[in-house]
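Biologist: Please take a close look at a single part of this model. Walk me along it from one landmark residue, and tell me how it sits against the rest.

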Amino acid sequence: MNPQALAHLAAGLGAGLGVIGAGLGIGKLAASALEAEGRQPEAASQIQTTMIIAAALIEGIALFAEVICFLLQTK
């Protein structure tokens, strides 16, 4: 197997793991937010705002991981 093929494989695996990690993180975040809203319905708007900000940060990290993987693939 040539090194370029291994680089493509590693980039694909790295991007996939990054997306899986982000999906798990957002799932845990949403579950915790819904549980918190169930306990304190009056704080739902604050909880939702915080959840959206945290989800955006998680997605940003996932996108950054994918970009790094694809950049390393070309080296």
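Modeller: Gly 27 lies in helix H1. Helices here are DSSP runs of H or I with at least four residues, strands are runs of E with at least two, and both are numbered from the N terminus. This is a predicted model: local features need pLDDT of at least 70, side-chain atom pairs count only at pLDDT 80 or more, and totals for chains, interfaces and linings use all residues. Residues are numbered from 1 along each chain as its sequence is written, and side-chain values use heavy atoms, with hydrogens and water left out.

Start with the landmark. Gly 27 counts as partly exposed because its relative accessibility is 39%. The classes are buried (under 20% relative accessible area), exposed (over 50%) and partly exposed in between, with a 1.4 Å probe and protein chains only. Ala 55 is 28 residues away from Gly 27 in sequence, and their C-alpha atoms are 9.4 Å apart in space. Ala 55 is one of the buried residues of H2.

Now the helix as a whole. H1 covers residues 3-39. Its 37 residues reach 54 Å from first C-alpha to last, close to the 54 Å expected at 1.5 Å a residue. That expected span is 1.5 Å times one less than the number of residues.

Next, the covered positions. The buried residues of H1 are Ala 7, Ala 11, Ala 15, Gly 18, Ala 22, Ala 33 and Glu 37. They pack against H2. An α-helix has 3.6 residues a turn, so residues three or four places apart point the same way.

Take Ala 15, which sits in H1. Its relative accessible area is 8%, so Ala 15 is buried. Setting aside neighbours within four places in sequence, Ala 15 is in contact (heavy atoms within 4.5 Å) with Glu 66, Cys 69 and Phe 70. Cys 69 is itself among the buried residues of H2. Phe 64 is 49 residues from Ala 15 in sequence, yet the two are 9.5 Å apart, C-alpha to C-alpha.

Move to the other end. Glu 37 belongs to H1. Glu 37 is buried, yet has no salt bridge. A salt bridge is a side-chain nitrogen of Lys or Arg within 4 Å of a carboxyl oxygen of Asp or Glu. The nearest side chain of opposite charge to Glu 37 is Arg 39, 12 Å away. For charge, Lys and Arg are positive, Asp and Glu negative; His and the chain ends are not counted. Leaving aside its neighbours within four places in sequence, Glu 37 touches Ala 44, Ile 47 and Gln 48.

Which side chain does Arg 39 meet in a salt bridge? The partner is Glu 35, at 2.4 Å, N to O. Arg 39 and Glu 35 are 4 residues apart in H1, which means they are separated by about one helical turn. Arg 39 counts as exposed because its relative accessibility is 63%. Glu 35 is partly exposed, at 44% relative accessible area. The search of the whole structure finds 1 salt bridge.

Gly 38 is also in H1. At 59% relative accessibility, Gly 38 counts as exposed. Gly 38 and Gln 48 are 10 residues apart in sequence and 12 Å apart in space, C-alpha to C-alpha.

Now the partner helix. Gln 48 lies in H2, residues 44-73. Gln 48 is partly exposed, with a relative accessible area of 39%. From Leu 13, Gln 48 is 35 residues away in sequence and 32 Å away in space, C-alpha to C-alpha. The 30 residues of H2 should span 44 Å at 1.5 Å a residue, and the end C-alpha atoms are 43 Å apart, which agrees. Besides Ala 55 and Cys 69, the buried residues of H2 include Ala 44, Ile 47, Ala 62 and Gln 73. H1 is part of what covers them.

Step back to the whole protein. There are 2 helices and 0 strands. The C-alpha trace spans about 60 × 15 × 5 Å along its principal axes. Buried residues make up 19% of the 75 residues.
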